[in-house]
Structures are given as structure tokens and as C-alpha cells.
Amino acid sequence: MTTDQKSWESAVQHLYADGYAFIATGPRAHEDWRADVLAVMARAAPDPRGWAGLDDTANERSQEHPDVPFCRPSFRADPSRPLTSADVGERLWEIDRASAENLLLALTDGGCTLRNLERFTESFDELQVMARTILARYGDAFTCHTNVRSVGHVGTLDFGRPVGWSPMTYYGEDCGLVIVSETEVGLFWAFDDI
């Protein structure tokens, strides 16, 4: 499956317009993709194709903290310390493609659950096509990483079980997906104050 700018942007806008999200893609500029993730979080790496993402957290940015909300994780003694590559590596786990498709749908609103889909008029199959359209941007050979885990599973997310997450921000809930291809790194993050 391939995708174009209009289809990709339409899928992103439709799925995430009613949530509170940060969606951005940047170039792969480092061998260690975690450094590229940090650049996208800091908004220091523009989309290499010029495609539009979403940034519902933009109004929280300042000159002192340009990478908000990713700069003030509540789990650290020093909340002003930015995330590091090591932080990213400690909080993300690789998941399979089917889990990534479902996670893209669960991230459409707070709670990181597929119950979020009840507000859409489209069927689950139609929404999955939108998730596949989003993933298609990154080609056939990519890996997916998340800070979300379903209890008792590694590598596969089971949304029929309770999910937990490893915080990357100061929000009460922040669940995300990182897609890593040879040329791009995509971030899909949803926030909730709970």
C-alpha cells in the first residue's frame, strides 16, 4: 500500500482532530533513531515532505522550553531537564505492525482504548484503512515502538486487557507510537490530564 500527502493528511486530521495530540514526522539523520525522536519532540526537525501533522501542545511552548510537553517528565527529580536518548530507549518497546494499527486508533482520544472509536461513524474496518494509510507513508520496512504496554504481553498490544504506559511528559497520561523507517521518524502522541 502507498499513500500520498492528501490521503495521509486527511487520515491524520480525521482520526485526531477531536483528541489532544502531537503528530509529527522528521528525517532520519542519525544512526541512533532515538536522537531523531528527540529532534521531532523538540520541533527541531521539519517534516521532510512538508506534510502537515498536528500540534495541540504548541501553545504550551516557550523559548525556555521549546520541546514542551516532552521536556518536563513528572517522573524525574528535575522537571526542567529535557529527555535524553537514554530516556527514550528506556520507555519505548517494539511492537508488531498489527498492534501499531490498533494503537493508532486507540490514540484518537485520551484513555488509549479502542472504545474511543465509538464516536466515529465509520466502521472499524474503515478506520483500520485510515491507520494503514498513515503507516503506508513509512514504507514496508519500518519498526514501531511505544511507551504503552498491555498487561502480560510483550511485543503485542491487547486492548482487551488493561494498558499502562511509561510517562514521557508531565501529563497524567501520555501514550504514543514512534514509527522508524530508513528515512523518517514519525511520532503519534495523545495526552490526557486524567
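I began with contacts, meaning heavy atoms within 4.5 Å, and noted that residues 24 or more positions apart account for 66% of the contacts in the protein with a separation of 6 or more. This is a predicted model, in which local features need pLDDT of at least 70 and side-chain atom pairs count only at pLDDT 80 or more, while totals for chains, interfaces and linings use all residues. Residues are numbered from 1 along each chain as its sequence is written, and side-chain values use heavy atoms, with hydrogens and water left out.

**Overall layout.** I looked up the secondary structure, taken as DSSP runs numbered from the N terminus (helices are H or I of at least four residues, strands are E of at least two), and found five helices and eight strands. Along the sequence they follow the pattern α-β-α-β-α-β-α-α-β-β-β-β-β. I then checked burial (buried is under 20% relative accessible area, exposed over 50%, partly exposed in between, with a 1.4 Å probe and protein chains only), and 48% of the 194 residues count as buried.

**Helix H2.** In helix H2, residues 33-41, I listed Trp 33, Asp 36, Val 37, Val 40 and Met 41 as the buried residues. They line one face of the helix, because seen down the axis of H2 they fall within an arc of 145°, the arc being that of the directions from the helix axis to the C-beta atoms. An α-helix has 3.6 residues a turn, so residues three or four places apart point the same way. The buried residues of H2 pack against strand S1 (21-27), helix H3 (85-91), strand S4 (143-146), S7 and strand S8 (184-192).

**Nonpolar cores.** A nonpolar core is a set of buried Ala, Val, Leu, Ile, Met, Phe, Trp, Tyr and Cys residues joined through side-chain atoms within 4.5 Å. In the largest one, of 35 residues, I noted that Tyr 16, Leu 103, Leu 107, Ile 134, Leu 177 and Phe 188 touch the most other members. Helix H1 (5-16), S1, helix H4 (97-106), helix H5 (124-136), S7 and S8 each supply at least two residues of this core. A second, separate core has 19 residues, including Phe 70, Tyr 171, Val 180 and Val 185.

**The loop between H4 and H5.** I found Cys 112 in this loop, where it counts as buried because its relative accessibility is 3%. Cys 112 has a positive phi of about 45° although it is not a glycine. Most residues other than glycine have a negative phi. Phe 120 is placed in the loop between H4 and H5, and it counts as buried at 10% relative accessibility. Leaving aside neighbours within four places in sequence, I found Phe 120 in contact with His 14, Leu 15, Thr 108 and Leu 127. The C-alpha atoms of Phe 120 and His 14 are separated by 9.4 Å, although these residues are 106 residues apart along the chain.

**Two other loop residues.** Arg 43 lies in the loop between H2 and strand S2 (54-55), and I noted its positive phi of about 60° just after H2. Ser 166 sits in the loop between strand S6 (163-165) and strand S7 (173-180), and it counts as buried because its relative accessibility is 17%. Leaving aside neighbours within four places in sequence, Ser 166 is in contact with Arg 91, Trp 93, Asn 147 and Asp 174.
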